Amino acid sequence: MLPIATYGEAVLRQVAAPVTVFDSELHQLAEQMLHTMQQANGVGIAAPQVHRSLQLFIMASNPNPRYPTAPIMAPQVVINPQILQASEQMVAGEEGCLSIPQQRCQVMRHQAIEVKYQDLSGEWCQEWLEGFIARIFQHEFDHLQGITLKERAT
Ligand SMILES: O=C(NO)N[C@@H](Cc1ccccc1)C(=O)O
Ligand SMILES: [Zn+2]
C-alpha cells in the first residue's frame, strides 16, 4: 500500500510530467498503484495520488461495495493519455475520490470520449469509451492536469 495524497496537498494541483522511460521501475509503480487502489476498493487511481507527478493512471472497474453496479473490466494502465474527441452529450453521475475520503459528488462528464494512450510497453492504443468507464477515464485524466472532482462538482 502506497500512501495516498489527500485533497489540499500540492502534488494534486500539479500538471503531471509525461512518462518517457518504460522500465521495470514503471512496471513496479503500476503494480503498487493497483494494489493500493484494490485495498481501498477503488475503480481507478492516478500517479499523483501516490505522490508521483507522472502522466500515468489505472482504470479497473469492478463491482465492489463502493460501486456495486460498476461494469467489469480488466485493469488497464493508461500512460500519456489524450482525449481526441468528446460527445456533446453530458451525463450526471456520482463520483468518489480516494484523495477526498468519505465524500461523494455529482459530476457532469461526457457520455463518450475517443482516447489515445500508451500501455506499459509503450504501445499506443486508441479507442472510444463510454458510460462509467469514460467517467473513470475523465476523472483520472483530470488528476494529471491538477484537477480533482471538487473543482468539477455540480
Ligand atoms: O480517486 C480515484 N481516482 O482518482 N478513485 C475513484 C475513481 C472513480 C472515478 C469516477 C467515478 C467513480 C470512481 C474511486 O472511487 O475509485
Ligand atoms: Zn480521484
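Donors are N, O and S atoms within 2.8 Å of the metal, or 3.2 Å for Na, K and Ca; water is not among the atoms, so sites may look incomplete.

This is a predicted model: local features need pLDDT of at least 70, side-chain atom pairs count only at pLDDT 80 or more, and totals for chains, interfaces and linings use all residues. Residues are numbered from 1 along each chain, chains are lettered from A and ligands numbered from 1 in written order, and side-chain values use heavy atoms, without hydrogens and water.

**Stop 1: the zinc ion.** Select ligand 2. Cys97 (SG), His139 (NE2) and His143 (NE2) coordinate the zinc ion at 2.1 to 2.4 Å. Along the sequence, these donor residues follow the spacing C-x41-H-x3-H. Cys97 sits in the loop between E4 and strand E5 (104–110), and His143 in helix H2, so the pair ties together parts 46 residues apart in sequence. Helices (H or I, at least four residues) and strands (E, at least two) are DSSP runs numbered from the N terminus.

**Stop 2: polar contacts of ligand 1.** Select ligand 1, then His139. A polar side-chain atom of His139 is 3.1 Å from an oxygen atom of ligand 1. Move to Arg66: the distance from a polar side-chain atom to a ligand 1 oxygen is 2.8 Å. For Tyr67, a side-chain N or O atom lies 2.7 Å from an oxygen of ligand 1. The cut-off for a polar contact is a pair of N or O atoms within 3.5 Å; within protein, one must be able to donate a hydrogen and the other to accept it, and residues adjacent in sequence count only if both atoms are side-chain atoms.

**Stop 3: the shell.** Show the 17 residues surrounding ligand 1, each with a heavy atom within 4 Å. The closest are Val43, Gln49, Tyr67, Leu98 and Glu140. Color H2 (131–144). This helix gives the most to the shell, with 6 residues.
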